[in-house]
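The following note is intended for a reader who is new to protein models. Please keep the sequence and the structure in view while going through the numbered points.

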Amino acid sequence: MSYDPADIEARWRERWRQEGYYEADPDEEGDATFITVPYPYPSGGMHVGHARTYTVPDVYARYRRLQGDNVLFPIAWHVTGTPIIGAVERLKKGEEEQLSVLRDTYDVPEETLQDLETPMGFARYFIEEHYKKGLRQLGLSVDWRREFTTNDERYSKFITWQYETLRDRGLLEKGLHPVKYCTNENNPVTTHDLLEGEEAEFQEYTLVRFRDGEGTVLPMATLRPETVRGVTNAFVDPDGEYVRAEVDGEEWVVSREATEKLRLQDHDVESIEELAGADLVGEHVSNPITEDEVLILPASFVDTDNATGVVMSVPAHSPDDYVALREARERADEITQYGIDPDEVRAIEPVPILTIEGYGEIPARDAVEEYDVESQEDPALEEATQELYNREFHQGELLNAYGEYAGETVEDVRERFRDDYRERGAFDSMQEFTGEVVCRCGGDVEVAKQETWFLRYNDEDWMAKTKRAIEGLDAIPDNTREQYTHTVDWLNEWPCIRNYGLGTRLPWDEDFVIEPLSDSTVYMAYYTVAHRIRDIPPEDLTVDFFDTLFYGPDAAANPDERALELREEWDHWYPVDYRVSANDLISNHLTFYLYHHAELFDEANWPRGITIMGMGLLEGRKMSSSKGHVVLPGEAIDEYGADTVRFFLLNSAEPWQDYDWRDEAVSSAHTQLRRFYNRATEVIEGSRGDPDGRAAESSETAEPSRDDGNRETISEPPRDEQDAPDDQPDLRPIDEWLLSRLQGVVRESTEALEGFETRTASQAAFYAMEEHLRWYRRRADLDRPGARWTLRHVLARRLRLLAPFTPFLANELHEALTGESAEDAGWPEVDEAREDPTVEVRESLVESLTDDINDIVNVTGTDPDVVQVYTAADWKRSVFEQVVEQASPRDADRSNGDSRETTGPDVGAVMSEIMSDPDLRERGNEVSDLVQELVEFVREQEDDRLAILEAVDEADVYADAAGFYEREFDADVRVLGETDAEDAARADGAVPFRPAVHIE
C-alpha cells in the first residue's frame, strides 16, 4: 500500500472523535498531567506559526499519555477586548486591506462576509472554520468538551469572582495612571490590541520651561534634563502647525499634536491661537536655569508629533545638535528671511557642561569627527550619538557651574537634578512612547492618563509570593527564569479595565470591561470544570460558589454541594504542569499568570513549569496575519499531510528557538516520511504477503550501497514470537548491535522530551535511528529469521517513539504491525539487558575501517580486486596499553575537577615508562611518534570505551567482518598482522584501532 496521508489522517481523526479518545476524566490510574497553551484570539485565521505553538504541547501531552499519565490538554477561545470589534468595523467600512486579508489570505467566501459583521459572528467564523478545523487537522489531542469563549456568561462569573477577591484583598486600586489609548476608538488598549508598536514602552520626558519675552512658556522635551546648562539655541519646524494655548491656566506654545497629547495626560488645555512654525523662528526665549537668552532656529528635522514639537539644542554634548548647528551656521545667510541676523547664528558656540575621559572640551565635536559624520542624514550619526550618550551617562562628571551637583556623574545625579528643578517650577513632564504605536483598528495610540482601576503588581507581599513561584518553576529554557524576576522588579500598577469591548464587566462598575491581559491569568482553573459547570445556572455562580470550589467547604457559610463536587475534579488536575507560550509574553501575560496563581491559590497549586516558544519565520521573514504573510495549516496539510507539517515544525528547531518555514525543506521532510512509511510497510507486509520475507524494494526507498543484495524488505516470525523474548530466533552480533543502539535512542528521546527538547527527541528517533538502520541493512544477512525479527522489533519501538510527533503515521503502522495502536502500546522503556557496549565498540571499528577503505578507493579511483588489512604489531599494542595505564590513575583526581578530556595522559610520564623497556627504547623516534598519536587518541575516548578496547582482539573483529567487506567492495579481503606483511612498507603505518590498508 502506498503512503496516502489524507486517507490515513482522516481515518484516525474520525476514530479519535468517535471514541472520545482524548476526553480526560479523573481516575486513580496514572499521574495527572495538565498542559495548557494560550487560548487563541480569533480575530483572524490560524497560520503555521500558531500551529507550532499548539503542536509542541500536544507532543508533550502525547508523550505523557504514552508514559501512562492521565493527561488533560484543553483549548478555549479568547475574544476579550477590541481587536475583533476593530476588525468588524474595518469590514463594515469596506476597507480594502481588511477585505483582501479576509478574501485572499483566509479564503472567506463572499457570501459569508455578511455573517462576520458582528463581533461574535466574526469570532465564531474563525473559531469554527479556521482554528478548530486546523487544530483537528493537525491531530491535536484536545479534550474538546471543555472549550469556551471569554464572552460566555458562566466564564464571566468566574472572572467576577477573581476580581472581587483581588479587590477584597487590597490588590486593586483606583487612581490616575498612564495607559495606551486609541484615539480612534477613544479607549485604552493593551499589547494584544496593537497592529504596530507592541514593544514600545512608556517614556517620561522632562519639559524644560523656557519662556519668551511675554512670559509664555515654550516647553522643550528632553530625556537628559541635566544638559539644560548647555543649551545654546532651540529648533522648530518652520512648516509645522503650532498653537498658543492655555494649559492649566498658563499660556504655552506647543505643536498642534502636543495639545491633544497634553489633554490626554490630564492637562486642562484650551487653544487660543494657531501659529505657523515660521512665526516662532527668530524669537528668543529664556533658559529657566541659566536665564540666558537663546535663539529659535528653523529645522526640518523637528517632528511636531514628538513631545511638544519645540526642541532645545545642546551642541557640546549631542552629535545630532552639533551637526544641526554646524549646518545652520553654514547657511546662516539663507535664513535671513525669518528676520535673523546671520552673524548671531554664526556666533553660537557649544557650551560644555561636563568632562569625560577620552573626549576634549566639546565631546560631540570629537564624536562627529571620529565617526566622520558629514550631515544629518549620515547613518553614522545615530551610532556616534548613542555611544556618546552612553559614555556621558556612566562617566560624565558635571562642571562647577552645577553647584551642589558638580563633580558627580550623570548616572548618579540625573533623577535628583530633575526632581529638584521640578519642585522649583523650572521643569514639567509628559509621557511619550519609545516608538510609533498603532491600534489594530488603524487608529493612533497615544499615552493617556486616566482614572482607572489597576492591579497593584508592585505590592511587596504580592511580589514576594510571585518570586517564590518563580523559584519553584521549571523554566524552560532555564535562562528565562531571570526574565520573570526582572519583570516582577520593574512592574508597577497595571490598568486592568477599558471603556468598552468584549469581555467581563467590572463587577462594581459595569461601565468598564476587564482588559484581555487581566482576564487571562487563571482561566486554566476554569478548564478543569468548564464541561460540567454548564449544568449550573449562571445566577448560582456566586463568589461563595467559587470560594467553595477552590478553597473548600470552610470558605463559605453555606457551601454549595455542586461546587464541592466540581472541586474534586479541580483538585485532580491542578496545578498546571506546563504552560507553553511565546517568549515575548514573559514581560506581561506569563508573569501575570504567576502573580495571580501565587495570590489566589496555595503554593501546592502554583504553576510547575513554563516552556517558551520562539518566533516563526516564513521564507526568512516574520509571519504576519494582518499583512497576509502567512501559510495556512489547512493548505500545508492538504499538500503534505498533517504528519509532515507536525514533523517539520517540531524537528526544525527546539521550541524556544526561532524556525523558518521554507517550502523546499517541508517538501524534503515529506519525502523522508514517505520513504519511512514505505520501508516500514515492506517490513510489515514481508511476513504477511511473502512467505520468504523478500518483498521487492521500490526504487524510491532504495539506499545507495555497493551491495544491492542487502534488501530492507524483511519478514519475521509471527507476532506472538516477537513479543516473547524466549522464543526469539538466534541473534548475531550485528542484530545485538542494532538492538543495543535502539536502547540509546530510547534513552535520548526520553530524556529530551522530559525537557521539551522536541527537536533532539525527533532527531534521535527518526534520523539517528535511520542511520543505524542504514548501516544494519548493509551489514546484515537480511534473509535470516534473526534479522527479520530484529527489524520488526526495532520498528515497533521506533513507531512508539515517533507517535507524539507523527501520530497518524505511527499509529497506522504500529497497528498494522502489532494489532494495537502505538498510543495504546505505551512509551518504550530502555531494556538494559539489550545494551551491549562491547558489541557497539566492535561494530564501530568495523564501520571505521569501512570508511578508511572507502576513502582510499575514492582518492585513488581504484576498483580493488584485493584489500589487505594489517593490524598493528604486538609492540604497538603494548605501547597503547601503557598509555591507557598512565591515564587511569588520573580518574581519582576527577573530584578535583580533572578529567581525561581536558588533560589526558602525560606524554612525558608515558615515555619514561616505555623507555625503561630496552626493546622499545631501541625503536627510538618510532616509539616517540606512536606515543604522541596514541595519547591524542586516548584523550578523545571515554573510560568505558577504553576498557573495552583494551580487551578487544582487533584482528578478530576485522576477520569476523571479512565477508561483509568482500560484499561491500566486491574484492578479496585479507586480514593480516603487521609482522605478516610480505612488504613491510605496506603495513608499518598500522596503529592500534587504525589498521594499515593496501589495495590492489
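1. The second largest cavity is lined by Arg224, Glu226, Thr227, Ile353, Leu354, Tyr389, Glu392, Phe393, Val410 and Arg414. On a 1 Å grid over the protein atoms alone, a cavity is a set of points where a 1.4 Å probe fits but cannot get out, and lining residues have an atom within 4 Å of a point. Two elements, α12 and α13 (410–423), each give two or more residues to this lining, and α12 provides the largest share, three residues. Helices are DSSP runs of H or I with at least four residues, strands are runs of E with at least two, and both are numbered from the N terminus.

2. This is a predicted model, in which local features need pLDDT of at least 70 and side-chain atom pairs count only at pLDDT 80 or more, while totals for chains, interfaces and linings use all residues. Residues are numbered from 1 along each chain as its sequence is written, and side-chain values use heavy atoms, with hydrogens and water left out.

3. The space in the second largest cavity is about 40 Å³, a volume being the space filled by probe spheres set on the grid points, which are joined across faces, edges and corners. Its lining divides into five nonpolar, one polar and four charged residues. Here Ala, Val, Leu, Ile, Met, Phe, Trp, Tyr, Cys and Pro count as nonpolar, Asp, Glu, Lys and Arg as charged, and the others, Gly among them, as polar.

4. The second largest pocket holds about 880 Å³ of space. A pocket is an open set of points with protein on both sides within 12 Å along at least five of seven lines. Of its 27 lining residues, Val311, Ser318, Asp320, Asp321 and Tyr389 lie nearest the centre. Helix α12 gives the largest share of this lining, five residues.

5. Which residues of helix α37 (residues 962–969) are buried? They are Ala962, Phe964, Tyr965, Glu968 and Phe969, where buried means under 20% relative accessible area with a 1.4 Å probe and protein chains only. Seen down the axis of α37, these residues fall within an arc of 155°, so they line one face of the helix; the arc is that of the directions from the helix axis to the C-beta atoms. Asp970, which follows α37, has a positive phi, near 50°.

Definitions and conventions: Buried < 20%, exposed > 50% of the residue type's maximum accessible area, 1.4 Å probe, protein only.
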